[in-house]
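This report describes the helices, contacts and accessibilities of one protein model. Please consult the sequence and the structure below while reading.

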Amino acid sequence: MDLMTASALRRLRLVSAPEAISFLLLGVCSVLKRTTDFNAVPVMGAVHGILFIIYVIFWLDAWNKTKWDLKTAALYFVLSVLPFGGFFAERKLRREAEASVIAARARKESVVNA
C-alpha cells in the first residue's frame, strides 16, 4: 500500500466515528425537541451534515485510491447512514489498514531477503 492510499484510509477512518456520534446526537436532539423545549436540532443537523459531507468526500477518495470493488465501497457507504455504522466502519478500516501494512512489510522483507 502506498502512502496516498494509507492516508486516504486513515482520513476515512478518523472521520467515521465522529460522523456516527453526530448522527446519534442528532437523533437524541430530535427526540428532545419533540418531548421538551430543548431544540438543538438546527445546530446538530449542521454539524452532522458537515461531517457526513466530509465522510462522503473521504469515502470517494478512499474508493478511488484503494480500487475497492462495488460491494466493499457500497458497504462503507451504507455504514455511514446507519446509526452505529460509523463505529463498525472505523474498526473494519483499522483492520484493513493493519493487514495492508503487514502485507507490505512481508513483501519488503521477501525482496530484501531474496
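The sections below treat the helices in turn, then the aromatic pairs and selected residues.

## Basis of the report

The structure is a predicted model. Every value given here is computed from that model.

## Helix 1

Helix 1 covers residues 3-35. Its 33 residues extend 49 Å from the first C-alpha to the last, close to the 48 Å expected at 1.5 Å a residue. The buried residues of helix 1 are Thr5, Ala8, Leu9, Leu12, Val15, Ser16, Glu19, Ala20, Ser22, Leu26 and Cys29. An α-helix has 3.6 residues a turn, so residues three or four places apart point the same way.

Ile21 also belongs to helix 1. With a relative accessibility of 41%, Ile21 counts as partly exposed, because the buried class requires a value under 20% and the exposed class one over 50%. Between Ile21 and Arg105 there are 84 residues of sequence separation and a C-alpha to C-alpha distance of 34 Å.

Helix 2 comprises residues 41-66. From first to last C-alpha, its 26 residues reach 36 Å, close to the 38 Å expected at 1.5 Å a residue. Buried positions in helix 2 are Val41, Met44, His48, Leu51, Tyr55, Val56, Trp59, Asp61, Ala62 and Thr66.

The phi angle of Lys67 is near 60°, which is a positive value in a residue other than glycine. Lys67 counts as exposed, at 61% relative accessibility.

## Packing of helix 2 against helix 3

Helix 3 consists of residues 70-81. The axes of helix 2 and helix 3 come within 11 Å of each other and cross at roughly 170°. The two helices are therefore roughly antiparallel, since an angle over 145 degrees is assigned to that class.

On the side of helix 2, the contact involves Phe52, Tyr55, Val56, Trp59 and Trp63. These residues meet Leu70, Ala73, Tyr76, Phe77, Ser80 and Val81 of helix 3. By residue class, the contact holds 10 nonpolar residues, one polar residue and no charged residue. Among the contact residues of helix 2, Tyr55, Val56 and Trp59 are buried.

## Aromatic pairs

Across the whole structure, five aromatic pairs are found. The pair of Phe84 and Phe87 has ring centres 6.3 Å apart and planes at 35°, so this pair is tilted. Phe87 is partly exposed, with 28% relative accessible area.

Ring pairs also join Phe52, Trp59, Trp63 and Phe77 into a cluster. These four residues also take part in the contact of helix 2 with helix 3: Phe52, Trp59 and Trp63 from helix 2, and Phe77 from helix 3.

## Helix 4

Helix 4 runs over residues 85-113. Gly85 is part of helix 4 and is buried, its relative accessible area being 2%. Although Gly85 and Ala17 are 68 residues apart in sequence, their C-alpha atoms are 8.7 Å apart in space.

Ser110 is another residue of helix 4. The relative accessible area of Ser110 is 46%, and the residue is partly exposed. Ser110 and Ser30 are 80 residues apart along the chain, and 55 Å separates their C-alpha atoms.

Terms used: Residues are numbered from 1 along each chain as its sequence is written. This is a predicted model: local features need pLDDT of at least 70, side-chain atom pairs count only at pLDDT 80 or more; totals for chains, interfaces and linings use all residues. Side-chain values use heavy atoms; hydrogens and water are left out. Axes are lines fitted to C-alpha atoms, for helices over the stretch in contact, and angles run from 0 to 180 degrees between N-to-C directions. Angles under 35 degrees count as roughly parallel, over 145 as roughly antiparallel, 65 to 115 as roughly perpendicular and the rest as oblique. Contact means heavy atoms within 4.5 Å. Ala, Val, Leu, Ile, Met, Phe, Trp, Tyr, Cys and Pro count as nonpolar, Asp, Glu, Lys and Arg as charged, and the others, Gly among them, as polar. The expected span of a helix is 1.5 Å times one less than its number of residues. Buried means under 20% relative accessible area, exposed over 50%, partly exposed in between (1.4 Å probe, protein chains only). Rings of Phe, Tyr and Trp (its six-membered ring) pair if their centres lie within 6.5 Å; planes under 30 degrees apart count as stacked, over 60 as edge-to-face and the rest as tilted.
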